[in-house]
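Hello,

Here is the structure I promised you. Please open it and follow along with the notes below.

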Amino acid sequence: MATKEKTIREDTMAEEKDVVIKIRDLRKSFGENHVLNGFNMTLHKGENLVVMGKSGSGKSVMIKCLVGLMTPDSGYVEVLGKEINTLNQQHLDELRSDIGFLFQGSALYDSMTVRENLEFPMRRHKEKLGVVSDTMPLVLEALENVGLAHTMELMPAELSGGMKRRVALARTLILKPKVILYDEPTSGLDPITSKEIIELMRSIQQKYGTSSLIITHDVDCARVISEKMILLVDGINYAEGSFVDLSTSKDPKVEAFFKK
Ligand SMILES: Nc1ncnc2c1ncn2[C@@H]1O[C@H](COP(=O)(O)OP(=O)(O)O)[C@@H](O)[C@H]1O
Ligand SMILES: [Mg+2]
């Protein structure tokens with residue numbers, strides 16, 4: 001009896017230790033527009049979790065609440081063991097250096113070279129990296145990860161849309177984040193470039209063991225990358241499971257996602 005109780009407690013603790021992001025009963029409205037109505041989500045270490053939702057369903061609102069860019073009306077949001085809503089600006093900044101973002105249309109600074117774009121977050125988060133006298137090896141490594149080492153001295157205007165997205169990904173990698181948040185990483189890209197980006201996301205996850213939250217409405221992206229999926233419908237985690245579980249569901253609201 002005692003042994004069994006101990007085991008259960010240890011199991012719970014082990015599970016807690018592996019949790020990277022925890023969202024409980026998240027609510028956010030804009031006036032009468034009730035966007036999130038009790039959304040729940042758990043991202044475990046090393047996992048690729050895809051959240052799919054229709055345009056305007058609150059995916060970006062959710063991700064903004066996650067990183068403290070938006071304050072929820074209520075609910076619990078924890079990232080890497082820290083409760084977001086209790087952090088002061090300094091602690092929030094420290095935490096953000098462990099979070100990589102690839103946000104919708106992640107813009108590069110047009111007036112800076114690719115190298116300077118990558119050096120930028122390193123300057124912002126000096127305390128994490130310590131004194132880096134020579135940024136070049138880190139910039140090079142990050143660019144090599146996305147196959148763009150040769151673009152170091154180019155200006156963003158000289159790059160294609162797909163290349164820009166890859167540079168933006170390299171920029172999120174340079175701080176060696178523990179978790180990467182992707183908001184519509186393939187939106188606005190042609191199918192071939194989308195596939196390249198998805199492959200890169202996978203290879204990065206394998207190389208660094210990063211945990212990833214991928215927000216998308218791209219079924220192909222979800223098919224390739226997800227280990228677990230959540231469908232965001234009516235402001236809640238309406239359905240959860242593997243891609244196969246969900247794509248074979250008979251629930252009309254779930255089926256609607258997978259109809260071409
Ligand atoms: N800052 C804001 N002020 C008012 N309404 C907002 C704001 N941000 C988002 N919304 C509304 O919340 C809903 C969800 O938006 P969003 O999370 O951006 O959707 P998506 O799932 O496409 O990312 C939309 O109806 C949008 O108009
Ligand atoms: Mg969005």
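Helix 4 (residues 114-124) and helix 7 (residues 161-173) pack at about 30°, and their axes are 8 Å apart. Axes are lines fitted to C-alpha atoms, for helices over the stretch in contact, and angles run from 0 to 180 degrees between N-to-C directions. Helices (H or I, at least four residues) and strands (E, at least two) are DSSP runs, numbered from the N terminus. On helix 4, Val114, Asn117, Leu118 and Pro121 make the contact; on helix 7, Val167, Ala170 and Arg171 do. Contact means C-beta atoms, placed from the backbone, within 7 Å.

This is a predicted model: local features need pLDDT of at least 70, side-chain atom pairs count only at pLDDT 80 or more, and totals for chains, interfaces and linings use all residues. Residues are numbered from 1 along each chain as its sequence is written, while chains are lettered from A and ligands numbered from 1 in the order in which they are written.

Next, helix 6 (residues 136-145). Its angle with helix 4 is about 115°, with the axes 10 Å apart. Arg115, Leu118, Glu119 and Met122 of helix 4 meet Leu138, Val139 and Ala142 of helix 6.

What surrounds ligand 1? The shell is Phe30, Asn33, Val35, Gly53, Ser55, Gly56, Ser57, Gly58, Lys59, Ser60 and Val61 (C-beta atom, placed from the backbone, within 6 Å). Helix 2 gives the largest share, three residues.

Best wishes

Conventions
Contact = placed C-beta atoms within 7 Å.
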